[in-house]
Amino acid sequence: MTISERTYDRIRLRQWLSGTARADGVHRRDLLRLLAIVGTASAAATTGPGAATAYSANADDPAPGIVKPLPDEQFMVHGTNAETRWSALRGTVYHTPTRLFFVRNHTATPRIDTDDWHLTVWGNGLTGGPVDFGLDDLKALPATTRCAVLECAGNGRAFFTTQQGQQVTGTAWQLGAVGSARWRGVRLAEVLYRAGLAPHAVDVQPRGLDQEVIGSDGTNLGRVRRPLPLAKALDDVLLAYEMNGEPLPPDHGHPVRVLVPAWVGIASIKWVGDIEVSAEPLYSPWNTDLYRLFGPDYPPEGSAPLTRQTIKSAFELPWPATLACGVPHRLTGRSWSGNGGITRVEISTDGGATWHPARLYDAPREHGWARWSAEWTPPAPGSAELLARASDTSGAIQPERTVFNEQGYLFGAVVRHPVTIT
Ligand SMILES: Nc1nc2c(c(=O)[nH]1)N[C@H]1C(S)=C(S)[C@@H](COP(=O)(O)O)O[C@H]1N2
Ligand SMILES: [Mo]
């Protein structure tokens, strides 16, 4: 049986207090906040292979550090990140075409030569020393294909402010920090067993080869990494080397990334260079200060580390959209959930007063989204709001509001899509 992240978090904290859990590069303040007591900790130096060089950024680049083209009609750029415009997805196939897939980079896409690349699996949770795997070694192992949505935990964050009037920190994504793809690679479990997984291993921490991340207060957080409990690591996690039938492109983790189905995007470490397998629980900034829910409705130490994504819906329309009055329009969109498949989608064209079922084109599938459509003839010129509300196999339905959290994670409320009727 899998223990919950909350229970596990308590165990990790007790072990950190007794000096048996490690927290390299984690701000002491963050652990103290977690513990809500005063104690001492020391930050040890990080070990393992060094970072790769980034693609050189051109001063004219709209998003420094992203390699693929980001035409304005397809992407909205936010700093080092680019979100897909939902209007660009109308008429596309089930999976997001790779060229349209959103990019979330903490720093910049690194340049990695496949011939020089290898994955080092190391740590005191192995029975022996470090084991290296080249790309050919991974490809020689049994391959697994998984269709899965990948979504940033901050997707929809902008609506905390624009719909709920709440200030949150982080990239102001609308709904485009999500994509679906067919991922192919080797199961992480397969690689861990081959590396000599010891019975006492508890945490598995993949780390990216991109540059070290400097936090908003100037602290060096080290390279992007986040511990995964062993139970999840052995369950459905992939080391993916293909996306939609092609080798992974540079921006999405070339040559190999971790793919953690249903979980917050940060778990799916790109450009993975090493994986620490630990006999003690691990912390990183990405499971302490970041990717937990903080705020008046959460405990002072925050929620447990985030795992599953929430439920959302989006119209494949420009933002704002312009539609002609008195003629029928086919509204299209998609809904998805980290809890399971989508069972039902309802549409409101009158601000939420009445709801009508949308027509679904996909059966509920775990880790998959559902496409839908609804017909609408705008009755009169002026402004309107279109709402879509999904339900999933866990019984969850999108609420009117999302409970506030300071970093604006997991916005799952119904989004009001503005329309001008002409
Ligand atoms: N090495 C590394 N892995 C990373 C990141 C990163 O900046 N560096 N960003 C994470 C975050 S926050 C998200 S949402 C996903 C985004 O994946 P994508 O850029 O392929 O869409 O990658 C995750 N993996
Ligand atoms: Mo993310």
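In the predicted model, strand S18 (residues 342–348) and S19 run antiparallel and are joined by two bridges. Within this pair, Ile347 has His356 of S19 as its bridge partner. Both strands belong to an open sheet of five strands with mixed pairing. Its order is S16-S23-S22-S18-S19. Strand S16 (321–323) and strand S19 (356–357) form the edges, and each pairs on one side only.

A further open sheet also has five strands, in the order S4-S3-S14-S7-S10. Its pairing is mixed. The edge positions go to strand S4 (131–134) and strand S10 (228–229). Each has a single partner strand, so one side of each lacks a neighbour in the sheet. Strand S3 (residues 118–122) runs parallel to strand S14 (residues 272–278), and three bridges join them. Thr120 stands opposite Asp274 in S14. In general, strands of a sheet pair through backbone hydrogen bonds, in either a parallel or an antiparallel sense.

Ligand 1 sits in the largest cavity. It is surrounded by 20 residues, and the closest are Phe102, Asp210, His252, Arg257 and Lys270. By residue class, the shell around ligand 1 comprises ten nonpolar, six polar and four charged residues. An N or O atom of the Phe102 backbone lies 2.7 Å from an oxygen atom of ligand 1. For Arg104, a polar backbone atom is 3.0 Å from a ligand 1 oxygen atom. Lys270 contributes through its side chain: an N or O atom there is 2.6 Å from an oxygen atom of ligand 1. On its own, ligand 1 has 530 Å² of accessible area, and the protein covers 100% of this.

Several loops carry backbone exceptions. Most peptide bonds are trans, and most residues other than glycine have a negative phi. The peptide bond from His254 to Pro255 is cis, with omega near 0°. Pro255 is placed in the loop between strand S12 (246–247) and strand S13 (257–259). A cis peptide bond also leads from Trp319 to Pro320, with omega near -5°. Pro320 lies in the loop between strand S15 (311–315) and S16. S16 is one of the edge strands described above. Asn244 has a positive phi, near 50°, although it is a residue other than glycine. The loop between strand S11 (238–243) and S12 holds Asn244.

Notes
Residues numbered from 1 in each chain as written. Chains lettered and ligands numbered in written order. Predicted model: local features only at pLDDT ≥ 70, side-chain atom pairs only at ≥ 80, totals over all residues. Heavy atoms only, no water. Near = heavy atom within 4 Å. Polar contact = N/O pair within 3.5 Å; in protein donor to acceptor, adjacent residues only side chain to side chain. Areas by Shrake-Rupley, 256 points an atom, 1.4 Å probe, with all protein chains shown as cover. 1 Å grid on protein atoms, 1.4 Å probe; cavity = no way out; pocket = protein on both sides within 12 Å on 5 of 7 lines; lining within 4 Å. Sits in = over half its atoms within 2 Å of the grid points. Nonpolar A, V, L, I, M, F, W, Y, C, P; charged D, E, K, R; others polar. Pairing = 2+ DSSP bridges. Helix = DSSP H or I, 4+ residues; strand = E, 2+ residues; numbered from the N terminus.
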